[in-house]
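Dear colleague,

Please find the structure handed over to you below. My notes on what was found in it follow.

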Amino acid sequence: MSTTATDHPNAQRMREVTEAVTAGNVAVALERFSPDLVWYVPAGSSLERVYRGRDGLQRFFGTLIQRSNGTLRPRAEDVVASEDHVVIFLRITAQRDDVDLNVRVAHFAAVGPDGLTRNWFLPDDMEAWNRFFS
Amino acid sequence: MRAFLAEDILWHVGGKHPLSGDYRGVEAVLDYYAKVREQTGGTLTLEAVDILANDDHGGVFMRVRGEREGKTIDVELAEALTFDASGRWVEYWALADEQEKVDAFWG
């Protein structure tokens, strides 16, 4: 078990992912992940349940960006991290036609020697998330 | 447990099983815990693997094991917490990475 620091390098790594996705620079975001990454999407969404590898994650980000008409904006509200794990608290907004998305998301990640490995997340309003990305 | 919870706590349990969804308020959360204990016959064990925290937020990664109606569970559960100025929990998220195992256990 370990103590955490908000300014831990793994917290910074996750902030960089968020900033890169917000800037539309998915390639930079992908570099922070292990080539063997697994990304789990919560149940109940029309999105695929599991994405594997950087190609898979690129496809996931691409789907979100496409369905939000490029308006997807994840903003980091806080991050806590250790050598092995990260939790980031995000505010995610997006607009499509006359539908707005505005949810808080807790995103969890395990960290390996070559980057973020297992990833999973839960919005505070799962129905709103599913409505927007259905 | 009650001492850790803000009166208006919002509690999110991920997944697609009978106990998943949102619970609001201390009594609702304690009822949720009572159902978990009752349905697992007290067999559920939680082993903290990693604990992360600052003044405002926390994260807990734990190994959860238990039995229910002849089924067993052994998963890593992640929890996220938001604290108020007194350190009480005001919002809570819980989700396992391999959520299908959890859904099958409770389903």
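In chain A, A81(A) has V86(A) of β4(A) as its bridge partner. Strand β3 (residues 73–81) of chain A is joined by eight bridges to strand β4 (residues 85–96) of chain A, and the two run antiparallel. Strands here are DSSP runs of E with at least two residues, helices are runs of H or I with at least four, and both are numbered from the N terminus; two strands pair if DSSP finds at least two bridges between them.

This is a predicted model, in which local features need pLDDT of at least 70 and side-chain atom pairs count only at pLDDT 80 or more, while totals for chains, interfaces and linings use all residues. Residues are numbered from 1 along each chain as its sequence is written, chains are lettered from A and ligands numbered from 1 in the order in which they are written, and side-chain values use heavy atoms, leaving out hydrogens and water.

V86(A) is also among the residues touched by H107(A), as are W39(A) and W120(A), not counting residues up to four places away in sequence (contact means heavy atoms within 4.5 Å). H107(A) belongs to strand β5 (residues 99–112) of chain A. H107(A) counts as buried because its relative accessibility is 4% (buried is under 20% relative accessible area, exposed over 50%, partly exposed in between, with a 1.4 Å probe and protein chains only).

Chain B contains two helices and six strands, in the sequence pattern β-β-α-β-β-β-β-α. Buried residues account for 49% of its 107 residues.

The six strands of an open sheet in chain B are ordered β2-β1-β6-β5-β4-β3, with mixed pairing. Strands β2 (21–24) and β3 (45–53) of chain B are at the edges with a single partner strand each, so one side of each has no neighbour in the sheet. Within the sheet, strand β1 (residues 5–13) of chain B pairs in the parallel sense with strand β6 (residues 89–96) of chain B over five bridges. One residue of this pairing is W11(B), whose bridge partner in β6(B) is Y92(B). Helix α1 (residues 26–40) of chain B packs on the sheet, touching β1, β2 and β4 (57–68) of chain B, and its direction makes about 50° with that of β1(B) (axes are lines fitted to C-alpha atoms, for helices over the stretch in contact, and angles run from 0 to 180 degrees between N-to-C directions).

Yours sincerely
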